[in-house]
Amino acid sequence: MNRREKEQYLREYAILKSQGKPFFPYAVAKDGAMACVVLLVIILLAIFLGAELGPKADPTTTTYTPRPEWYFFFLFELLRVVKPPEFVALATIGIPTICMILLFLLPFYDRSPERRPERRPVATLTAILIIGAMAYLTAEGAKTGPPTEIDMPTPASVKLQGASAVRQYEAGRQVMAQSGCLACHKVGENGNSGPGPELTDIADRLPAAGIERTLINPTAPMPTFKSLQENEPEKFKNLVSFLGQLKSDGN
Amino acid sequence: MPKLKLPAPPLPPGLKPAPPRPGKPQQGPLDKAADAGMYTVDWIDERTAMSSGLRWVLFRKVPKGTNWFYTLGSATLFAFLSQAITGVFLAMYYRPDAAGGAYESVRHINDDVFLGEFVHGMHKWGSSVMVILIFLHMARTFFFGAYKYPRELNWVIGVALLILTFIMALTGYLLPFDQRSFWATIVANNITASGPLVGPYLGDFLNGGADFNATTLSRFYAIHMMLVPGIIGALIGAHLWLVTKLGTTAPPWNKVKVPEELIEEKA
């Protein structure tokens, strides 16, 4: 913006301002109405959604995967999208920092005097794209199930065996997801890769009987599932049959 | 004694007070009360000269065509005030004690205190409302080109306020000290510590040591209720000062109608 453009803007603004209405009471009335709406929304949210308090913080749990407040979902999802370890720092620190610096400096690199959004196509399109990307990542972050879930398609071989087999497979999947296996094992896209071996195709390497033996008498530090077998044999059976179906050619 | 000259508010014709009746004015109790009020305002104004500043703020003109999008800024401010007030009430009961007192005190607020869960809920959901409003306000500023000359500095302060709002959201998340907040904060701290150059120092500062420990909660509490709100308050002051000084932007589509007396006749 050069000197002439600045002066022209100031002149036009002075005229527009002189033709306007005073701040009080006209703008104040609108602001007041908006404030009432905001207060009403906050009160309704507080009444209907409340302020739930989860279980007490326990530093000894290893299976809890935290989720941030919803407005950080887009950052959270960005972390999940970026898989290679060498790029993780870029997603955690790099991209947000660069975006913030670009946002801070916006008036210093966008120096055109034009203010109408339809005549600033680059700025408008960039903003719409960024808003769209943030909305998409937020929605994806919200859709991502809790960490106690394994999202793998049911293999065709199980489907072929009929409804009862599928039911057992689903039940076993649920037992596994809730037993904290994912803290140390990777299954498909879920879980941590280590210290335990990946279980995505464990049935290729180990028959069901072998899996059952390992569950009851594992190598340290894996906890034993003997008590599950004794107390809830049905659940244990489902778990073994689920693990027994995890083959690389299963689906 | 200087007799206060009340500025005549530019009211629409229907709201203007009726002119006084001729003759000797009757002194009813209402008139006496009005006189006492006038005297008080006059007393304050004689010492502070506030009325000229107030007149400057209140009766400055706002360009024609400002619409509801222009209320988003004041709505964000209002959400912040709501957060400040509900936060004060929560602070009356909250104990930043990582050994169990924090969780216990929040449970006490929720279960025992009169309207406790309601105020807690207002504070919790108010943060979401404030984040949404600050984003909408920023979008309005961006699409209307309101960050351009002469309001660049106001944009920079606004971005700082956005970041501080996020810091408030992040530090407030830990305070109930339940599983969710505890582990989410550990992740956030680890991310901070993984940053280049200042990252490890910032991570140490947030944790109050090399790792998450009891100091972390007190630290987050102090940041959440003293450090950041103070800075936010100061920056909001600067933001509003610049808004009143530079004026609200006109919508970019507004055409300038040059008043007739300013148009030079062409020879």
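Student: Hi! Before we start, what kind of model is this?
Tutor: Hi! This is a predicted model, so let's keep that in mind as we look around.

Student: Okay. How many helices and strands does chain A have?
Tutor: Chain A has 12 helices and 3 strands.

Student: And what is its radius of gyration next to that of a compact globule?
Tutor: Chain A comes out at 28 Å, while a compact globule of 251 residues would be near 18 Å. Along the principal axes, its C-alpha atoms fill a box of roughly 85 × 45 × 40 Å.

Student: How much of chain A is buried?
Tutor: Of its 251 residues, 35% count as buried. Chain A exposes about 15,000 Å², and carbon and sulfur atoms supply 64% of that area.

Student: Switching topic: how many aromatic pairs are there?
Tutor: Over all chains, the structure holds 20 aromatic pairs. One of them joins B:Tyr70 and B:Phe144, with ring centres 5.9 Å apart.

Student: Why is that pair called tilted?
Tutor: The planes of B:Tyr70 and B:Phe144 meet at 50°, so the pair is tilted. Planes under 30 degrees apart would count as stacked and those over 60 as edge-to-face.

Student: Where do those two residues sit in chain B?
Tutor: B:Tyr70 is in the loop between β1 and α3, and B:Phe144 is in the loop between α5 and α6. They are 74 residues apart, which makes this a link between distant parts of the chain. Both B:Tyr70 and B:Phe144 are buried.

Student: What about B:Tyr147 and B:Trp155?
Tutor: Those two form a tilted aromatic pair, 5.3 Å centre to centre with 55° between the planes. B:Tyr147 is buried, at a relative accessible area of 0%, and B:Trp155 counts as buried at 6%.

Student: Which residues are linked into a cluster by ring pairs?
Tutor: The cluster is made of A:Trp70, A:Tyr71, A:Phe72, B:Phe135 and B:Phe166.

Student: Nice. Which ring does the charged end of A:Lys30 sit over?
Tutor: A:Lys30 has its charged end over the ring of B:Trp68, 5.5 Å from the ring centre. Likewise, the charged end of A:Arg115 sits over the ring of A:Tyr9, 3.9 Å from its centre.

Student: New topic: which residues of helix α8 in chain B are buried?
Tutor: They are B:Gly199, B:Gly203, B:Leu206 and B:Asn207.

Student: What covers them?
Tutor: The cover for the buried residues of α8(B) includes α7 and α9 of chain B.

Student: Are they buried or exposed?
Tutor: B:Phe177 is buried, with a relative accessible area of 8%, whereas B:Leu197 is exposed at 76%.

Terms used
Residues are numbered from 1 along each chain as its sequence is written. Chains are lettered from A and ligands numbered from 1 in the order in which they are written. This is a predicted model: local features need pLDDT of at least 70, side-chain atom pairs count only at pLDDT 80 or more; totals for chains, interfaces and linings use all residues. Side-chain values use heavy atoms; hydrogens and water are left out. Rings of Phe, Tyr and Trp (its six-membered ring) pair if their centres lie within 6.5 Å; planes under 30 degrees apart count as stacked, over 60 as edge-to-face and the rest as tilted. Helices (H or I, at least four residues) and strands (E, at least two) are DSSP runs, numbered from the N terminus. Buried means under 20% relative accessible area, exposed over 50%, partly exposed in between (1.4 Å probe, protein chains only). A charge sits over a ring if NZ of Lys or CZ of Arg is within 6 Å of the ring centre and within 35 degrees of the ring normal. The radius of gyration is taken over C-alpha atoms; the globule rule is 2.2 Å times the number of residues to the power 0.38. Accessible areas come from the Shrake-Rupley method with a 1.4 Å probe; for residues, only the protein chains shown count as cover. Contact means heavy atoms within 4.5 Å.
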